[in-house]
Amino acid sequence: MNLLTKCAVSAALLTMASAFLPNLTAQNANTPRPQGARPQVTVGSQGPMPVHAKFTEQQIENGGTLFLQNCAFCHGKDASGGESGPDLTRSKVVSGDKEGEGIGQVVRNGRLDKGMPRFNLGDSEILSLVAFIHSQQDKAMSQTGNRKGVEESDLHTGNAEAGKKYFETTGGCVKCHSATGDLAKVASRYSGLQLLEQMLYPRQAKATISVKTASGQTYDGPLEYQDEFHIGMKDSFGVYHSWPVSAVTFKVNNPAEQHVEIMSRYTDKDMHDVLAYIQTLK
């Protein structure tokens, strides 16, 4: 799987987690404090709110669109971090930026040593990005509480019976999984957000490959290597084999890719319900 797909999955996971937590309140939201006083602890960067230029709602909205198109797959749709990009709401560059002088430089020049490319954007587009990123940092730092994590109870929102039905029929999950087989007691091995992540994108699921050579020999086993020109796998004895892709016919089965594909068909209700069903497999 390429980096863009992984980042897209990461973004999807963030979207999913936010969908599960529409009414989440911070742990210390009810702690009394003097009227008008700033909260002692914030979700974003610690300390006083950064000072930056004032931006219009239109600039922030335009910046949000640009951010989704260019940045969200690494930094998350709300700028709070993705699989390959840091949390910008905690960034010292963002905190020290006033009118785009810091953020703009990073956008224009990239950070090639850290995998961030240069972006060829106009001054007004960059200013809109700056407006959106500052708005997201302000939003994160204005929240009280000191956690961004997810309690297991926060995820108990779906209907387990509806999830079981989807799992066995519409979702087609039983083609690869069994509640009494590979998923037996899965909710005892994982819980909370970990279980949700395993449901949406099982990172450790090993891709397998079936290979047939020109002479008719067949090999089946875990996929160990694949690029444009070669494939490699281990047989049942642990012996490594490799071939030029032009010399064999082969089929790769990647369970994680299938989980990515089904995400385009999930509704929010489906995801809530399937998770509720999986939470019962203890």
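**Notes on a predicted model**

1. Just past helix 5, G110 adopts a positive phi of about 70°. Keep in mind while browsing that this is a predicted model.

2. Stay with helix 5, which covers residues 101-109. Which of its residues are buried? They are G102, I103, G104, V106 and V107. The cover over these buried residues includes helix 4 (92-96) and helix 6 (123-142). As background, an α-helix has 3.6 residues a turn, so residues three or four places apart point the same way.

3. Next, the main nonpolar core. The largest one has 20 residues, and M199, L200, Y266 and I278 have the most contacts inside it. Several elements give two or more residues to this core: helix 7 (160-168), helix 8 (186-189), helix 9 (192-200), helix 10 (255-263) and helix 11 (268-278). Helix 11 supplies the largest share, five residues. In general, nonpolar side chains in soluble globular proteins tend to be buried together.

4. Leaving aside residues up to four places away in sequence, I278 touches V186, A187, L195 and M199.

5. Now for the strands. Strand 2 (residues 218-226) and strand 3 (residues 230-234) run antiparallel and are joined by three bridges. They make a hairpin, with three residues between them.

6. How many residues lie between the strands in the hairpin of strand 3 and strand 4? There are five, and in this hairpin G238 takes a positive phi near 85°. For orientation, side chains in a regular strand alternate between the two faces of the sheet.

7. Last, a loop residue. T56 sits in the loop between helix 1 (3-20) and helix 2 (57-70). Is T56 buried, exposed or partly exposed? T56 counts as partly exposed because its relative accessible area is 43%, while buried means under 20% and exposed means over 50%. T56 and F132 are 76 residues apart in sequence, and their C-alpha atoms are 10.0 Å apart in space.

Key:
Residues are numbered from 1 along each chain as its sequence is written. This is a predicted model: local features need pLDDT of at least 70, side-chain atom pairs count only at pLDDT 80 or more; totals for chains, interfaces and linings use all residues. Side-chain values use heavy atoms; hydrogens and water are left out. A nonpolar core is a set of buried Ala, Val, Leu, Ile, Met, Phe, Trp, Tyr and Cys residues joined through side-chain atoms within 4.5 Å. Buried means under 20% relative accessible area, exposed over 50%, partly exposed in between (1.4 Å probe, protein chains only). Helices (H or I, at least four residues) and strands (E, at least two) are DSSP runs, numbered from the N terminus. Contact means heavy atoms within 4.5 Å. Two strands pair if DSSP finds at least two bridges between them.
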